[in-house]
Structures are given as structure tokens and as C-alpha cells.
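Let's take a walk through this model together. Have the sequence and the coordinates open, and follow along.

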2 protein chains.
Amino acid sequence: MRPSIKQVANLAGVSIATVSRLLNKPGSVSAETAEKIHRSIEQLGFRPNFTGRNLRAGSSRTVGVVVPTLSNTVFAQCLQGIELAARELDYSVMFTTTEYLPEDESAAVELLLGHRVDGVILTVADAGANATLDLLEREKIPFVLTYNQLALSSDVRTDRLPRASVSVDNRAAACDAVTHLVKLGHRRIQMLSGRFNASDRAIQRYYGYLDAMQAAGLEPLPAIEVERHTLTAAADYQQMMANPAHRPTALFCSNDLLAMSAMRDLRALGLRVPRDISVMGFDGIPVGGLMEPVLASVVQPSEQIGDVALRTLVGAIERGAAAAAAGGAPVAAARHVLPHTVREGGSAAPPSQP
Amino acid sequence: MRPSIKQVANLAGVSIATVSRLLNKPGSVSAETAEKIHRSIEQLGFRPNFTGRNLRAGSSRTVGVVVPTLSNTVFAQCLQGIELAARELDYSVMFTTTEYLPEDESAAVELLLGHRVDGVILTVADAGANATLDLLEREKIPFVLTYNQLALSSDVRTDRLPRASVSVDNRAAACDAVTHLVKLGHRRIQMLSGRFNASDRAIQRYYGYLDAMQAAGLEPLPAIEVERHTLTAAADYQQMMANPAHRPTALFCSNDLLAMSAMRDLRALGLRVPRDISVMGFDGIPVGGLMEPVLASVVQPSEQIGDVALRTLVGAIERGAAAAAAGGAPVAAARHVLPHTVREGGSAAPPSQP
DNA sequence: ATGAAAGCGCTAACAA
DNA sequence: TTGTTAGCGCTTTCAT
């Protein structure tokens with residue numbers, strides 16, 4: 001077993017309380033005892049055991065993070081932002097993945113709660129009706145949603161506090177993207193989307209697509225939902241692409257990975273981007289900017305989303321602790337909507353036959 | 001405060017020991033008490049507090065992970081592999097980043113040790129001489145290196161146990177990549193590399209480049225080291241590219257992100273890949289396969305690296321615990337070398353002027 | 001300025 | 001099968 005505060009105290013010839021005090025508020029101990037203790041710490045290679053501290057203090061200075069996957073750069077960047085901010089604020093990060101399985105969300109959170117994390121940052125499939133969030137709320141564990149954007153309509157139950165979230169305005173962002181395509185002269189625009197039941201963002205983005213199409217007086221098409229980046233399996237998609245008469249002049253994809261996969265598939269079909277068809281993505285992942293043509297997309301600031309989420313969460317944790325101490329009431333949560341930008345790129349150009 | 005084992009015991013009318021027993025080995029408690037206790041647990045919404053358990057047991061079922069960054073897909077995939085395997089084995093993951101700063105490595109590990117993680121998986125700048133690894137060894141905390149590949153020469157000190165690592169054979173893989181370029185007919189091949197002092201892999205890969213060049217009887221060139229993907233800053237690179245007489249016919253890059261950045265820069269200079277110059281990367285990140293031309297690269301199985309690393313680590317942790325119980329000696333660590341494959345791609349083609 | 005002692009939630013002897 | 005009890009490492013009154 002590693003040296004404990006006790007061994008340090010023994011070696012220094014003081015009580016464990018004094019050692020503890022030195023560790024916490026160094027001002028409250030005399031210079032010479034401090035000196036002695038420091039020497040003992042050095043000599044023993046003592047390192048405070050957070051487990052003991054946490055048990056006693058009832059807080060762990062650790063936050064839990066739950067994201068669907070790390071295979072999508074977007075979430076990796078977000079986690080990166082979280083970690084950087086956490087380190088700055090002296091918090092640690094415990095991390096889990098759900099593989100887009102809603103049923104794994106609660107298990108993930110349960111595990112984190114077992115570790116007594118002080119708060120949780122998560123991206124869930126559907127933030128509207130979500131048992132995991134209800135659990136968190138019931139247990140009064142502060143949490144912040146990332147990417148999930150609470151539809152206002154889901155807050156009709158006014159008995160409930162608004163939930164904290166950090167995201168872009170997915171609907172408006174998608175609308176901007178499609179509007180960009182419209183401005184380029186496209187009239188037949190097809191949306192390709194990840195499964196709606198795995199991502200409420202995808203639904204919001206489809207609404208944005210509808211908004212833009214309607215605003216332009218164009219006929220919206222039903223979205224084609226595809227499994228994670230395997231377009232070859234989508235029969236309706238294949239069919240649509242095979243027939244030049246039905247083929248859209250532009251594709252709007254609910255995320256960049258999908259857009260890039262689509263471009264690959266289009267090439268396999270002998271179609272060229274943007275000459276034969278334009279493609280626009282969503283997310284603005286960095287590699288999109290390295291391609292030729294550059295992938296047109298809506299850029300969301302993923303790392304910043306992580307950063308803001310963490311700071312918001314820590315704010316809530318520390319306010320919560322203060323409130324608990326003061327016997328106060330919980331505080332209203334903030335809905336952060338970060339700005340998005342449209343990245344124009346060579347993959348979206350005017351249609352060849354207007 | 002959340003309900004503890006004590007409240008459960010009270011409500012069920014049994015002692016806390018019985019509750020604990022039910023939680024740990026359910027067989028050792030009678031069916032009816034089990035029933036009563038389960039009801040109480042349900043009713044109170046009790047969830048065992050790992051902090052208490054860990055403090056008592058001296059182990060946390062948590063592993064620490066330290067990677068340079070999550071901006072590079074390679075590490076994100078690796079972390080993904082770690083998390084998946086950890087979840088399967090019922091371990092949790094605490095995660096940190098070093099931003100490629102060697103001086104942050106020890107701070108990161110210190111923090112993890114404070115949390116009493118049972119073991120650590122890390123990718124360090126230089127595994128050959130690394131104070132952090134020495135610390136881990138001194139503290140007898142099991143650890144596994146990922147991507148870092150221990151040069152055999154660094155193990156001359158036979159008094160020390162070999163360290164555990166999971167990686168591809170970077171040198172051989174780079175050699176294969178360059179050999180591929182040679183076979184295509186290239187004779188003037190330039191290596192572009194990340195900073196050697198931030199990555200011992202980069203050095204190994206340069207050795208691989210030298211091996212291939214020498215084997216082919218070609219004159220190797222000094223590597224051009226560049227800061228993370230900002231080739232525009234590399235004066236020697238700019239100069240070399242400006243002059244067609246000095247320009248290499250192929251570029252071998254120490255990682256895919258660098259290769260993709262290079263391709264973008266080449267386009268900006270008016271050069272076309274692969275017509276004017278071939279480019280080959282290292283890592284085999286998935287997006288490389290979606291580009292046009294497909295990025296030729298050496299594929300390393302990042303997610304599998306994470307998976308193997310975690311399983312190796314857990315093996316060491318549990319063997320270590322068993323050995324400690326039996327008073328045995330530490331076990332020799334394994335050096336896992338996973339297979340790599342060369343991905344041929346349109347970015348590497350025969351030179352136009354042989 | 002320092003020490004003594006209680007207790008955070010849990011497990012593991014040891015008793016019964 | 002069940003209960004009693006000590007104690008993991010630490011913080012925090014309450015004394016001194």
C-alpha cells in the first residue's frame with residue numbers, strides 16, 4: 001500500500017490533522033512544521049488519495065461524459081474541448097460511449113453515478129423524451145446536453161426547469177445550408193440523413209431543410225435515412241441516382257461523414273461533384289477543408305461546444321454545492337446556442353442545367 | 001446525501017453486512033432476506049458508492065488514458081477501442097490529453113494516480129527516456145504504451161523488465177510504404193515528418209524510410225520536420241517545391257493528416273497529385289479512403305491497438321493483484337506488434353517522367 | 001497552531 | 001445465514 005497521510009504525520013512527528021491542514025489551507029500551519037511535513041512528503045513520495053477525500057467530502061471533482069461514438073470527429077473534438085477546460089479548472093474526466101444505442105445511455109450514466117461524478121455532459125439520441133435525463137434530474141445531478149437541442153415544445157411542462165444545453169441552432173443552420181444551395185440555383189435538393197431515431201439533431205436539420213425549401217417555394221422531398229455511412233444499402237437512394245430524370249441536382253447531408261461517403265458513392269456511379277451534382281454537409285469537420293473539392297458545409301464549433309459545456313457544468317456544480325450549503329433552491333439552466341457559419345466549398349456549385 | 005447501504009439495511013431490517021453480501025456474492029444470503037433487501041434498494045433508489053468500495057478494496061476498476069490529442073483521428077479511434085473493451089470488462093476510463101507537451105505527461109499521470117486508477121495506458125513523446133514511465137514503474141502501477149514502440153536498444157539495461165507496448169512495427173511499416181513508392185518508379189522521395197522530439201514514432205518511420213531508400217540504392221534525403229500541419233511555415237519545403245529540378249516525385253508523410261495538408265498545399269502551388277507528385281501517408285485513417293484520389297497510406301489498426309492495450313493492461317492489473325495476494329513477483333510485460341497493411345491509393349502513382 | 005476523534009460508504013474477518 | 005466491528009484515507013469540528 002502506498003503511503004498515507006498517516007505515515008507522513010508519523011514521520012514528521014505531527015498529527016494527521018496538521019498534515020491535512022497543510023494540504024488544504026497552507027496558511028494555517030506554522031512555517032517550521034510545514035517544512036518538516038514537506039520533507040516527509042517528499043521522502044515518502046506521498047500523494048493524496050482522492051478516494052479518501054471524495055468519500056469524506058462527497059464530491060469527486062470529476063465529470064462524466066457520454067457521447068455516441070468517437071469515430072465521428074465531431075465528438076472527438078467536443079471531448080477534446082471538454083478535457084482542456086476540465087484540466088484548466090482542475091477537474092477530471094470519466095468517459096463513456098453509447099454507440100448510438102439509446103438503451104446504453106442509462107447504463108452509461110448509472111456507471112458514472114456509481115463513481116459519484118459531480119456532473120455529466122451528454123449527447124443523447126432524443127433529448128425530448130429521455131429516461132436517463134429524468135433520472136439525472138431526479139437525482140439532482142447537474143448535467144449539460146451537447147449537440148442535443150431542446151425543442152421549445154418539449155418544455156410545455158412548465159413544472160420542470162429548462163435543461164442546460166450547448167449546441168448550434170440546428171434548424172437554422174440547416175436552413176442556411178440549403179438556402180446556400182438554393183442561391184446557387186438548385187431547385188431539386190435531396191436530404192440524406194442519419195437515422196432520425198438515433199439523432200434528434202437530424203430531425204431538426206430536416207426541419208431546417210423544409211424551412212429553406214418552403215421559403216424558396218420549392219417542393220421538399222422526404223429525407224432518405226441511411227445507416228451510418230453505408231449508402232449502398234439504401235435502395236431508394238440507388239434508384240433515385242440511377243435515373244437522371246429523378247436525380248437531384250444537390251444533396252444536403254445531415255453530417256460531413258455522410259457527405260463524404262456520398263461523394264465516394266457518387267464517384268462509383270460515375271457522377272462527378274460538383275459538375276453532375278452538388279453536395280453539402282453539416283459539421284464542418286476539419287478534413288473537409290483539406291479535400292478537393294473542399295466540402296461545403298455548415299461549421300459548428302465542436303471544441304467550443306465542449307469547452308462551454310464543461311464550464312457551464314462546473315458552474316452548476318459549484319453553484320449547486322453553494323446552494324446546498326445555503327439551503328437554497330436549484331438554479332435555472334442555460335440554453336447556449338453557439339453561432340454556426342456556412343463554409344462554401346467546391347463541392348457545392350451552380351447546377352449545370354438550370 | 002444519497003441513500004447508503006445503511007439506509008437500505010435499516011429499511012430491510014437487516015445489518016449492513018448482509019446488504020453488502022447480497023451485493024457481492026448473492027449466493028450467501030437467504031432468498032427471503034434477499035427479497036426484502038431488493039425491495040428496499042428499489043424503494044430508496046440505492047446505488048452502491050464506488051468511492052467507499054474503492055477506498056476499502058484499494059482498487060478502483062478504473063484505468064487512466066493519456067494521449068497527445070484527440071484532434072488526430074488515430075488517437076480518437078484508439079480511445080474508442082479502449083472504451084469498448086473497458087466496458088466489456090467492467091472497467092471505467094479516466095481520460096487526459098497532453099497536447100504533445102512532454103512536460104504535461106507527468107502532471108497528467110500524477111492526477112490519474114491521485115484518483116488511484118488501477119493502471120494507465122499512454123502514448124508519450126519519447127518512450128526511450130521518460131521520467132513518467134520511470135515513476136509508474138517505481139510506483140508499481142501497471143501501464144501499457146500505445147503507438148510508442150520500445151527500441152530494443154533502450155532495453156540494454158537488463159536489470160529492468162521490458163515494458164508493455166502495443167503498436168505496429170513503425171520502422172517496417174514505413175519501409176513498406178516507401179518501398180511501394182519505389183516500386184512505382186520513384187527515385188527522388190522526400191519524407192515530411194512531424195517533430196521528432198514530439199514523437200518517437202516519427203523517428204522510427206524515418207529509419208524505415210532510410211531502410212527502403214538504401215535497399216533500393218537510392219539516396220535518402222534528410223526529413224523535413226514540420227509543426228503540426230502547417231507546411232506553409234516550412235521554408236525549406238517551400239523552396240524545394242518551388243524548383244522543379246529539386247522537387248521530389250513523391251512525398252512520404254509521417255501521418256495522414258500531414259499528407260492531406262500537404263496535398264492541399266500542393267494544390268495551392270498549382271501541382272497536381274498524383275500527376276505532378278505522388279503522396280503517401282501513414283495511419284490509414286478512414287477519411288483517407290473517401291477522398292479522391294484515395295490517400296495511399298500504411299494502415300495501422302488503431303481501434304484494435306486500443307482494444308489490445310486495454311486487455312493487456314487489465315490482464316496485468318489482475319495478475320498483479322493475484323501476485324500481490326500470493327506474494328509473488330511481477331510478470332514480464334508483452335510487446336505487442338500488430339500487423340499493418342499498405343493501402344494503395346490514387347495519390348501514389350508512377351512518376352510522369354521516369 | 002495543533003491534536004483527538006468522529007465519520008464518509010463500504011468490505012471482510014470474526015462471532016454467533 | 002446473519003450481525004458486530006474494525007478500518008481503508010481523508011476532512012472537520014471541537015478542544016487545547
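**A walk through the model**

Start in chain A at Asn72(A), which sits in the loop between strand 1 (62–67) and helix 5 (73–88). Helices (H or I, at least four residues) and strands (E, at least two) here are DSSP runs, numbered from the N terminus. Keep in mind that this is a predicted model: local features need pLDDT of at least 70, side-chain atom pairs count only at pLDDT 80 or more, and totals for chains, interfaces and linings use all residues. Residues are numbered from 1 along each chain as its sequence is written, chains are lettered from A and ligands numbered from 1 in the order in which they are written, and side-chain values use heavy atoms, with hydrogens and water left out.

Is Asn72(A) buried or exposed? Its relative accessible area is 8%, so it is buried (under 20%; exposed is over 50%, partly exposed in between, with a 1.4 Å probe and protein chains only). Setting aside neighbours within four places in sequence, Asn72(A) is in contact (heavy atoms within 4.5 Å) with Tyr100(A), Leu257(A) and Asp283(A).

Now look at strand 4 (residues 143–146) of chain A. Phe143(A) and Leu145(A) point one way, Val144(A) and Thr146(A) the other, and all are buried. Strand 3 (residues 119–122) of chain A runs parallel to strand 4, joined to it by 3 bridges; pairing takes at least two DSSP bridges. Opposite Val144(A) you'll find Ile121(A).

Next, zoom out to both chains. The same surface serves both copies, as 100% of the contact residues of chain A recur in chain B.

Finally, the DNA. Around DNA strand C there are 24 residues, each with a heavy atom within 4 Å of it; Ser15(A), Thr18(A), Ile5(B), Asn49(B) and Arg56(B) come nearest. Polar side-chain atoms reach the bases: one of Arg21(A) lies 2.8 Å from a base nitrogen, and one of Arg56(B) lies 2.3 Å from a base oxygen. Asn24(B) has a side-chain N or O atom 3.3 Å from a phosphate oxygen. Helix 2 of chain B supplies the largest share of this surface, 4 residues.

How values were computed:
Polar contact = N/O pair within 3.5 Å; in protein donor to acceptor, adjacent residues only side chain to side chain.
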